[in-house]
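This report describes the protein shown below, moving from its overall architecture to its sheets, its core and a few individual residues.

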Amino acid sequence: MTAADSGFNASPVPDPAAPVAMKLKKSESLTIHWSDGRETVYPLRHLRRMCPCAGCQGERDLLGRTLLPVISTTYDGPITALGAELVGNYAIRIMWSDSHSSGIYSFSYLRQIEPLPGKST
Ligand SMILES: [Zn+2]
């Protein structure tokens, strides 16, 4: 790595896509407008189920099935979001109504789990 090389890389590597606007409907969905023009609507229940934190992901077995929670993590009421905040410039964190907030949703992860348009679940 020479000084000339680093001079060429003055700007950070651009992410494939970053949100330009986010709209949180606290009992419904999170809508993200991406820098590449795409708009994605994430139902909150989908986002909560896909929480990337170790605690939630750790409850899945090797086939990707979610095991029944053993402890008091069961929450049968409607999942709502109390709020969301940016984490650095690469992710968002969502505070859930079941008092869970340790999931960091990176933008690239959000692009991976975006619901397929036109396919209702
Ligand atoms: Zn989690």
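What pattern does the protein follow when it is read along the sequence? The model, which is a predicted one, follows the pattern α-β-β-β-α-α-β-β-β-α, and its secondary structure comes to 4 helices and 6 strands. Of the 121 residues in the protein, 11% are buried. Among the contacts with a separation of 6 or more, those between residues 24 or more positions apart account for 35%.

## The sheet of E1, E2 and E3

The strands E1, E2 and E3 form an open sheet in the order E1-E2-E3, with antiparallel pairing. Strand E1 (19-25) and strand E3 (39-43) stand at the edges and have a single partner strand each, so one side of each is left without a neighbour in the sheet. From one strand to the next, the twist in this sheet averages 15 degrees.

E1 pairs with strand E2 (residues 29-34) in the antiparallel sense over 6 bridges, and the two are joined by a hairpin through 3 residues. Within this pairing, Pro-19 stands opposite Trp-34 in E2. E1 is hardly covered, since the count of buried residues among its 7 residues is 0.

## The sheet of E4, E5 and E6

The other set of strands to be described is E4, E5 and E6, which form an open sheet in the order E4-E5-E6, again with antiparallel pairing. Its edge strands are strand E4 (81-87) and strand E6 (104-106), each of which pairs on one side only. Here the twist averages 25 degrees from one strand to the next.

E4 and strand E5 (residues 91-96) pair in the antiparallel sense over 6 bridges. The hairpin of E4 and E5 has 3 residues between the strands, and in this hairpin Gly-88 takes a positive phi near 55 degrees. On the other pairing of E5, 3 bridges join E5 to E6, and these strands also run antiparallel.

| Residue | Opposite residue | Strand of the opposite residue |
|---|---|---|
| Pro-19 | Trp-34 | E2 |
| Gly-83 | Met-95 | E5 |
| Leu-86 | Ile-92 | E5 |
| Ala-91 | Ser-106 | E6 |

In a regular strand the side chains alternate between the two faces of the sheet. For E5, the covered face holds Ile-92, Ile-94 and Trp-96, while the uncovered face holds Ala-91, Arg-93 and Met-95. Two of the pairs in the table can be read against these faces: Leu-86 stands opposite Ile-92, a residue of the covered face, whereas Gly-83 stands opposite Met-95, a residue of the uncovered face.

## The nonpolar core

Which residues make up the largest nonpolar core? This core has 11 residues in all, namely Leu-30, Ile-32, Tyr-42, Leu-44, Leu-47, Ala-81, Ile-92, Ile-94, Trp-96, Tyr-105 and Leu-110. E2, helix H2 (44-49) and E5 each supply at least two residues of the core, and the largest share, 3 residues, comes from E5.

## Individual residues

The place of Ser-99 is in the loop between E5 and E6, and Ser-99 has a positive phi of about 60 degrees although it is not a glycine. Is Ser-99 buried or exposed? Ser-99 is exposed, because 8 other C-beta atoms lie within 10 Å, and a residue counts as exposed at 12 or fewer.

Cys-56 lies in helix H3 (residues 54-57). Not counting residues up to four places away in sequence, Cys-56 touches Cys-51 and Gly-103. Cys-56 and Ser-102 are 46 residues apart along the chain, and their C-alpha atoms are separated by 9.6 Å.

Technical notes: Residues are numbered from 1 along each chain as its sequence is written. This is a predicted model: local features need pLDDT of at least 70, side-chain atom pairs count only at pLDDT 80 or more; totals for chains, interfaces and linings use all residues. A residue is buried if 20 or more other C-beta atoms lie within 10 Å of its own, exposed if 12 or fewer, and partly exposed in between; C-beta atoms are placed from the backbone. Two residues are in contact if their C-beta atoms, placed from the backbone, lie within 7 Å. Two strands pair if DSSP finds at least two bridges between them. Axes are lines fitted to C-alpha atoms, for helices over the stretch in contact, and angles run from 0 to 180 degrees between N-to-C directions. A nonpolar core is a set of buried Ala, Val, Leu, Ile, Met, Phe, Trp, Tyr and Cys residues joined through C-beta atoms within 7 Å.
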